[in-house]
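Please examine the sequence and the model shown below before reading on. The paragraphs that follow proceed from a single side-chain contact to helix packing and then to backbone geometry.

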Amino acid sequence: MIHPNKHISLISPYALASLKPPAGKQLVSLSQNESLRPPSPRAISAASNAIASAHLYPDPDWNALRQTLADLHNISAGEILIGNGSMELILCIALAFCDKYGAILAPRHAYPFFKTAAQIARARYDTSPERKEGVCVDSLLDAVKPNTRIVFVANPGNPTGTFISRSQVLRLREGLRDDILLVIDEAYGEFVDHLEQQVFDLVKRGDTVVLRTFSKAYGLAGMRIGWGLFPKLVRSATRKLINPNNVSVAGQAAALAALRDQTYMIETCKIISKLRDSFAKRLKKFGFNIQQSFTNFSLIQFANSEIANSADKALRAEGVFFREQSGAGLAECLRATIGPQQNLNLAVEILEDWLKGENT
Ligand SMILES: *Cc1c(COP(=O)(O)O)cnc(C)c1O
């Protein structure tokens, strides 16, 4: 018999959305926080053109992409790493800075891949309570143990959608020991850039990483490109674990062209934010409980997990897929990605009908 390593056996397969509509129904996926529109036309044509040189390996140093990111965000190209999605960076950070003697800490309702990364790194995974409004800095600081090595915080959070201000992030950083790496995952950062609460400058301290991705606001989830700003020593260690040639020629070309079309990306964020707030407003009118979201999704809270399951079933019966959130400790919630207006209308109608059934 061949046996995998014990810590690998203990990991349950990463739960992505299961998306099989019932016979005769069209799939309406509002489950993976994908953008409601395709990438910028410039990204599409750049990626298509790049395939002509696909017999060559991609630039292993992502030079053009790093320089363009640096110019755009007023940061240093030498501190940037590009990942095969930011998930690759999250995993490599965990592997480089934690092991079976250490612990990784995150808020209780954090992005579930932080836990997976901890498990792969054989690290203990600790969580701390959140408040209704989101991440609680004091409870994170209280949960720090002598062997805590990394703190992961997604800001805005997924699946909560909540956002903590720059001053809260600063308070967290200043309250942590300086041998604890703080990783701020800004996968939805572009949706809040207008709030002018950037934290890239914290990287200069030497103990903080800021991650972003092309998967959400730039609509390039299928291309798998994430990036991060790293202090020098953290960068060089993490880099050793990244797969060399990790981002395809088409991926690098698409990301570069998408960056050069800021107008398109900003427009995407505006369209989504508007739809998101009106979706939440309509559902709240029926009595649904929804926190203000700063992302491309809304988290709907039900009275308990059975009622959330019942709503999920009603949606699925019509081919509409939200995402259940037991993995993030929120089994009483469903997360709805903000899709095109007609899909949101359909979801609202189904929920309204379901609610009538529940109340009779
Ligand atoms: C979507 C998401 C990611 C994953 O991004 P990729 O770049 O597609 O790997 C990371 N963190 C959070 C919080 C996310 O929501």
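The side chains of Ser 40 and Asp 261 are joined by a polar contact of 2.8 Å; a polar contact is a pair of N or O atoms within 3.5 Å, and within protein one must be able to donate a hydrogen and the other to accept it, while residues adjacent in sequence count only if both atoms are side-chain atoms. This is a predicted model, in which local features need pLDDT of at least 70 and side-chain atom pairs count only at pLDDT 80 or more, whereas totals for chains, interfaces and linings use all residues. Residues are numbered from 1 along each chain as its sequence is written, and side-chain values use heavy atoms, with hydrogens and water left out.

Ser 40 is located in the loop between strand 1 (28–29) and helix 2 (41–50); helices (H or I, at least four residues) and strands (E, at least two) are DSSP runs, numbered from the N terminus. With a relative accessible area of 2%, Ser 40 is buried; buried means under 20% relative accessible area, exposed over 50%, and partly exposed in between (1.4 Å probe, protein chains only). Not counting residues up to four places away in sequence, Ser 40 touches Asp 261 and Tyr 264, where contact means heavy atoms within 4.5 Å.

The loop between strand 1 and helix 2 also holds Asn 33. Asn 33 has a positive phi of about 55° although it is not a glycine, and at 2% relative accessibility Asn 33 counts as buried. Trp 62, in the loop between helix 2 and helix 3, likewise has a positive phi, of about 50°, and is not a glycine. Its relative accessibility is 1%, so Trp 62 counts as buried. Most residues other than glycine have a negative phi, and most peptide bonds are trans.

How is helix 9 placed relative to the rest of the structure? Of its 11 residues, 11 are buried, so helix 9 is largely enclosed by the rest of the structure. The buried residues of helix 9 pack against helix 2, helix 3 and helix 10 (262–285).

Helix 3 (residues 63–73) and helix 9 (residues 249–259) have axes 9 Å apart and pack at an angle of about 20°; axes are lines fitted to C-alpha atoms, for helices over the stretch in contact, and angles run from 0 to 180 degrees between N-to-C directions. Helix 3 and helix 9 are therefore roughly parallel to each other; angles under 35 degrees count as roughly parallel, over 145 as roughly antiparallel, 65 to 115 as roughly perpendicular and the rest as oblique. The contact is formed by Ala 64, Leu 65, Thr 68, Leu 69 and Leu 72 of helix 3 together with Ala 255, Leu 256 and Leu 259 of helix 9. By class, this contact of helix 3 with helix 9 has seven nonpolar, one polar and no charged residues; Ala, Val, Leu, Ile, Met, Phe, Trp, Tyr, Cys and Pro count as nonpolar, Asp, Glu, Lys and Arg as charged, and the others, Gly among them, as polar.

Two further helix pairs follow. The axes of helix 4 (residues 86–97) and helix 5 (residues 113–120) come within 8 Å and cross at roughly 40°, and these helices are therefore oblique to each other. Met 87, Ile 90, Leu 91, Ala 94 and Leu 95 in helix 4 meet Phe 113, Phe 114, Ala 117 and Ile 120 in helix 5. The contact of helix 4 with helix 5 has nine nonpolar, no polar and no charged residues. For helix 11 (residues 305–317) and helix 12 (residues 341–358), the axes come within 9 Å and cross at roughly 130°, so helix 11 and helix 12 are oblique to each other.

Finally, Val 209 is found in strand 7 (residues 208–213) and is buried, with a relative accessible area of 0%. Among the residues that Val 209 touches are Ile 93, Leu 181, Val 203 and Phe 230.
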